[in-house]
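Open the model in your viewer and keep the selection panel at hand. This tour goes from pocket to pocket.

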Amino acid sequence: MATSSPQAAAGLTPDWLPHRYDAGHDAVHMIRADRALRRNAPFLIDEHLPGAADPRVLRRIDVMAAAPKPAPVNFIFHSAYCCSTLLANAFDRPGASSALKEPQILNDLVGWRQRGGDPKQLAVVLDNAMTLLARPFESGERIVIKPSNVVNGLASAMLAMRPDAGCVLLYAPLPLFLASIAGKGMWGRLWVRDLLMKQLKDSLVGDLGFEIHDHLLQTDLQAAAVGWLAQHRLFGQLAARWPDRIRTLNSEELLDRPEEAMTRIAALFGVPLEPSAIDEIVAGVFRRHAKFGGEFTREDRLAEQREKGAVHAEEVEKVSAWAAEVARNAGVEMTPPGDLFAA
């Protein structure tokens, strides 16, 4: 239970991360997580944050009363397994921008919503959560928030609340996405089914021509493809609604044209990156494994893709063809509008 006061929240430095939201007590769990920890953690979840076990539990109204003016924010929404962590890491530039990779507090709000949370109160807390996340380490920095893809159901609300935010919608081509899921074995297949159930609760799947019980009859990779199509439907809607500040990006084009991609995204986000800084990012961040560290080049990734693709080639090919027909019948574009390189 939160037992705080405005004074207790007043001394929170930018190292204090808003980590969890407790809807029952309208409280925020604040934990210490400095820039280095946030940079090295693949995701800002309990597993990777030592302070998560001992948070300061403060009333939301107290934390908000003490919150400084937030920095400008930008978003990376994604459909998973598409280099979104790499792209977020590329925007960890002291003095220019700092990135938040899948902060748990946003996942908590999704769970609250799906449990029947009041939409008006959810909107207030969502706005507050983004304000608390947008506390820069250094003056002048912009914040890049990369939510988990389970948060995509809140993307429209988040963009509406931050009308000055730039946004990249990042995705992997369907065959590569399916091969990634298949290559992760049972856990990857369970994950896509869990994601699909969440998407159904958020009404993201829309009319793809299926009844609810049809999904029980689909293979794991068909369920993965349905989830991918649901996100592409959403991405198309978002890009059409905000064409001036949303760009879509294919993960393979990001890796094939990193300098140009970074130049264009930095301009979209309003992050001042000189060509020399972009060269440094491409030579460093783009040559490391985004989640596990260590050298991992474009060639390494292509070799991994070939290996996974060869093992599951028949299933991936058949499901990709099936999904393309589903998309055609449902009017879902496999390549969403607003391509970064066409702007």
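Start with F43, Y81, T85, K184 and K291: of the 50 residues that line the largest pocket, these lie nearest its centre. A pocket here is an open set of points on a 1 Å grid over the protein atoms alone, where a 1.4 Å probe fits, with protein on both sides within 12 Å along at least five of seven lines; lining residues have an atom within 4 Å of a point. The model is predicted: local features need pLDDT of at least 70, side-chain atom pairs count only at pLDDT 80 or more, and totals for chains, interfaces and linings use all residues. Numbering runs from 1 along each chain as its sequence is written, and side-chain values use heavy atoms, without hydrogens and water.

The space in this largest pocket is about 1300 Å³, taken as what probe spheres set on the points fill.

Next, select helix 15 (298-311). It gives the most to this lining, six residues. Helices are DSSP runs of H or I, at least four residues, numbered from the N terminus.

Colour the lining by class: 22 nonpolar, 13 polar and 15 charged residues. Gly counts as polar; Asp, Glu, Lys and Arg count as charged.

Now move to R39, N40, N89, V285 and R288, nearest the centre of the second largest pocket, which 19 residues line. Helix 2 (35-40), helix 4 and helix 14 (275-284) each give two or more of them. Helix 14 gives the most, with three. The volume is about 360 Å³.

Finish with its classes: seven nonpolar, five polar and seven charged residues.
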